[in-house]
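Q: Please take me through this model feature by feature. For each one, tell me how to read it before giving the case at hand.

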Amino acid sequence: MKPRGVMRRLAAILGCSIALTAAMPAFADDVAGDWLFDTSKFADDCQISGRITFTQTSVKNTYSCVFESEQICGKLNFDLYIRVQQNCTAQRIGKQVAIKSSVGKILEVRPAGYPTSYLADNFIVQLSSNKQEMNGSHYDEQRQLKARFWRDVELIG
């Protein structure tokens with residue numbers, strides 16, 4: 001291959017690399033921003049999922065956070081649906097992130113009139129190397145479940 005051809009290929013590769021880097025979301029912080037999450041199933045047909053936003057505080061590696069969670073159960077648990085607003089704080093130590101929550105408000109319960117209390121959703125997760133996912137555990141006063149968080153990133157089309 002002639003030197004001119006090599007230079008053109010290198011320029012094309014560099015151009016593609018720059019374009020791909022520009023298309024990827026830039027995260028100023030490893031944890032701050034919007035994430036989606038869900039847990040493993042429990043009580044045979046229930047699962048918790050939601051959307052959480054972490055905001056960096058003035059204390060390094062400490063975040064305030066707010067989220068809505070949905071507990072969705074199937075027929076085995078009377079098609080129970082509970083949507084809850086929660087407030088939380090998160091602390092990052094190395095790759096570990098601990099999230100401690102408190103229930104702000106129960107927003108919706110189905111079936112209507114179903115007697116409901118809700119235990120805060122807490123998590124201990126580990127940030128992946130690519131900083132796009134966190135995996136670990138959900139816990140409350142009654143159960144411990146597997147949990148997965150992933151970046152809420154819109155695809156560029």
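Q: Which residue does a disulfide join to Cys46?
A: A disulfide is a pair of cysteine sulfur atoms within 2.5 Å. Here Cys46 is joined to Cys73, with S to S at 2.0 Å. The link of Cys46 and Cys73 is right-handed, with 115 degrees about the S-S bond. The pair links distant parts of the chain, 27 residues apart, with Cys46 in strand E2 and Cys73 in strand E3. Strands (E, at least two residues) and helices (H or I, at least four) are DSSP runs, numbered from the N terminus.

Q: What should I know about the source of the coordinates and the numbering?
A: This is a predicted model, in which local features need pLDDT of at least 70 and side-chain atom pairs count only at pLDDT 80 or more, while totals for chains, interfaces and linings use all residues. Residues are numbered from 1 along each chain as its sequence is written, and side-chain values use heavy atoms, with hydrogens and water left out.

Q: Are Cys46 and Cys73 buried or exposed?
A: Buried means under 20% relative accessible area, exposed means over 50%, and partly exposed lies in between (1.4 Å probe, protein chains only). Cys46 has a relative accessible area of 2% and is therefore buried. Cys73 is at 6% relative accessibility, so Cys73 counts as buried.

Q: How many disulfides does the structure hold, and what is the pairing of the bonded cysteines?
A: The structure holds two disulfides. In the other, Cys65 and Cys88 have their sulfur atoms 2.0 Å apart. This pair also links distant parts of the chain: Cys65 lies in strand E3 and Cys88 in strand E4, 23 residues apart. Cys65 is buried because its relative accessibility is 4%, and Cys88 is buried because its relative accessible area is 7%. With the bonded cysteines numbered in sequence order, the pairing is 1-3, 2-4.

Q: In which sense do E2 and E3 pair, and over how many bridges?
A: Two strands pair if DSSP finds at least two bridges between them. E2 and E3 are antiparallel, with 11 bridges. Ile52 stands opposite Phe67 in E3. The hairpin of E2 and E3 has five residues between the strands, and Asn61 takes a positive phi near 60 degrees in this hairpin. E3 and E4 also run antiparallel, joined by 11 bridges, and Gln71 has Ile82 in E4 as its bridge partner.

Q: Which residues in the largest nonpolar core touch the most other members?
A: In soluble globular proteins, nonpolar side chains tend to be buried together. A nonpolar core is a set of buried Ala, Val, Leu, Ile, Met, Phe, Trp, Tyr and Cys residues joined through side-chain atoms within 4.5 Å. The largest one here has 27 residues, of which Ile52, Phe54, Ile99, Phe123, Met134 and Phe149 touch the most other members. Among the elements that give two or more residues to this core are strand E1 (33-39), strand E2 (46-56), strand E5 (96-110) and strand E8 (144-151).

Q: What is Ile52 in contact with?
A: Contact means heavy atoms within 4.5 Å. Leaving aside neighbours within four places in sequence, Ile52 is in contact with Gly33, Asp34, Trp35, Phe37, Cys65, Val66, Phe67, Cys88 and Phe149.

Q: Where is Ser101, and which backbone oxygen does its side chain reach?
A: Ser101 is in strand E5. A relative accessible area of 9% is why Ser101 counts as buried. Its side chain reaches the backbone oxygen of Asp121 at 2.6 Å. Not counting residues up to four places away in sequence, Ser101 touches residues including Phe67, Asn87, Cys88 and Asn122.

Q: Is Asn87 buried, exposed or partly exposed?
A: Asn87, in strand E4, is at 33% relative accessibility and so counts as partly exposed. The C-alpha atoms of Asn87 and Val103 are separated by 6.6 Å, with the two residues 16 apart along the chain. With residues up to four places away left out, Asn87 touches Cys65, Val66, Lys100, Ser101, Ser102 and Gly104.

Q: What share of the residues in the protein is buried?
A: Buried residues make up 31% of the 157 residues.

Methods: A polar contact is a pair of N or O atoms within 3.5 Å; within protein, one must be able to donate a hydrogen and the other to accept it, and residues adjacent in sequence count only if both atoms are side-chain atoms.
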